[in-house]
Amino acid sequence: RGRDVVPEIRAICMEELGTWMKSYAASFLTDGYLKYIGWTLHDKQREVRLQCVKALQGLYCCREMAAHMELFTSRFKTRMVSMVLDKEPDVAVEVVKLLTLMLENMEEALTEEDCQSVYPVVYVSSRALASAAGLFLYRRARWGRPAGGPGGPGGAPRAVTVPCPPSQLHEHAAYLVDSLWDCAGPRLRDWETISALLLEESPTEGLADRQEKVLVEILAASVVQAAEGQPPVGRGPAKKVTGL
């Protein structure tokens with residue numbers, strides 16, 4: 001019934017199939033059943049695509065289940081990554097959340113090229129979508145580095161220099177900071193540590209010129225964000241998305 005002419009029935013089928021896969025993984029978490037969700041990611045109706053993505057979120061959120069999805073991932077990853085540009089904002093939000101789960105629970109599933117498709121989303125006007133992309137960017141910066149190194153637990157402040165799609169940062173630093181505010185606000189507001197990094201003169205510990213410029217842009221934008229408490233021009237407050 002996943003191909004039923006009624007969109008609501010197709011959506012229910014995908015929702016229930018996801019539930020069965022979680023509850024009875026031994027019987028249903030197989031490539032033979034997963035392919036139906038993969039095929040239906042191309043459905044023309046928003047609610048059907050949305051239920052497919054949510055079903056996949058329930059699977060990729062657990063490392064144990066994600067380990068059984070290597071073939072599915074290799075076959076349908078291109079489609080999932082392309083859906084960050086879905087014409088329906090609420091679907092795109094859930095897709096970015098799905099990719100974040102993949103980033104956390106399925107190591108090396110996403111290549112740097114895949115991640116590059118998500119990074120620019122931090123600059124979109126929708127705050128819900130931009131914030132989801134901000135979390136992806138932040139997690140990528142942390143998980144992509146060894147513990148104790150820059151961006152890891154031993155070098156936390158430097159993480160703010162990492163998640164920066166640089167081509168647009170100069171003009172849109174305020175949008176990047178707003179996108180990261182919910183997940184990385186405490187680090188962005190750690191102005192004392194950021195200032196210390198900027199003042200570091202040691203050639204081995206100091207920042208390169210480009211890194212300094214990026215950090216200054218972020219520092220200035222975070223001060224404005226903290227003082228005004230408002231999103232930048234053109235980006236309204238997060239709105240409740242129906243159907244979530």
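Q: Which residues form one aromatic cluster with W20?
A: F28 and Y33 do; together with W20 they make one aromatic cluster. Keep in mind that this is a predicted model.

Q: How many aromatic pairs does the structure hold?
A: Five. One of them is Y119 with F136.

Q: How far apart are the ring centres of Y119 and F136?
A: The centres are 6.4 Å apart.

Q: And why is that pair tilted?
A: The ring planes of Y119 and F136 stand at 55°, so the pair counts as tilted. Over 60 degrees would be edge-to-face, and under 30 would be stacked.

Q: Where do Y119 and F136 sit in the chain?
A: Y119 is in the loop between α8 (112-118) and α9 (127-143). F136 is in helix α9. They are 17 residues apart, and the pair links distant parts of the chain.

Q: Are Y119 and F136 buried or exposed?
A: Both are buried.

Q: New topic: helices. At what angle do α4 and α7 pack?
A: At about 20°, with the axes 9 Å apart. Helix α4 covers residues 46-60, and α7 covers residues 89-105.

Q: What does that angle make them, parallel or perpendicular?
A: Angles under 35 degrees count as roughly parallel, so α4 and α7 are roughly parallel to each other.

Q: Is the crossing left-handed or right-handed?
A: Left-handed, as α4 passes α7.

Q: Which residues meet there?
A: From α4, they include R46, L50, V53 and Y60. From α7, they include D90, V95, L98 and M102.

Q: How do the contact residues divide between nonpolar, polar and charged?
A: The contact of α4 with α7 has nine nonpolar, two polar and six charged residues.

Methods. Residues are numbered from 1 along each chain as its sequence is written. This is a predicted model: local features need pLDDT of at least 70, side-chain atom pairs count only at pLDDT 80 or more; totals for chains, interfaces and linings use all residues. Side-chain values use heavy atoms; hydrogens and water are left out. Axes are lines fitted to C-alpha atoms, for helices over the stretch in contact, and angles run from 0 to 180 degrees between N-to-C directions. Helices (H or I, at least four residues) and strands (E, at least two) are DSSP runs, numbered from the N terminus. Angles under 35 degrees count as roughly parallel, over 145 as roughly antiparallel, 65 to 115 as roughly perpendicular and the rest as oblique. A crossing is left-handed if the near helix is turned anticlockwise from the far one by less than a right angle, and right-handed if clockwise. Contact means heavy atoms within 4.5 Å. Ala, Val, Leu, Ile, Met, Phe, Trp, Tyr, Cys and Pro count as nonpolar, Asp, Glu, Lys and Arg as charged, and the others, Gly among them, as polar. Rings of Phe, Tyr and Trp (its six-membered ring) pair if their centres lie within 6.5 Å; planes under 30 degrees apart count as stacked, over 60 as edge-to-face and the rest as tilted. Buried means under 20% relative accessible area, exposed over 50%, partly exposed in between (1.4 Å probe, protein chains only).
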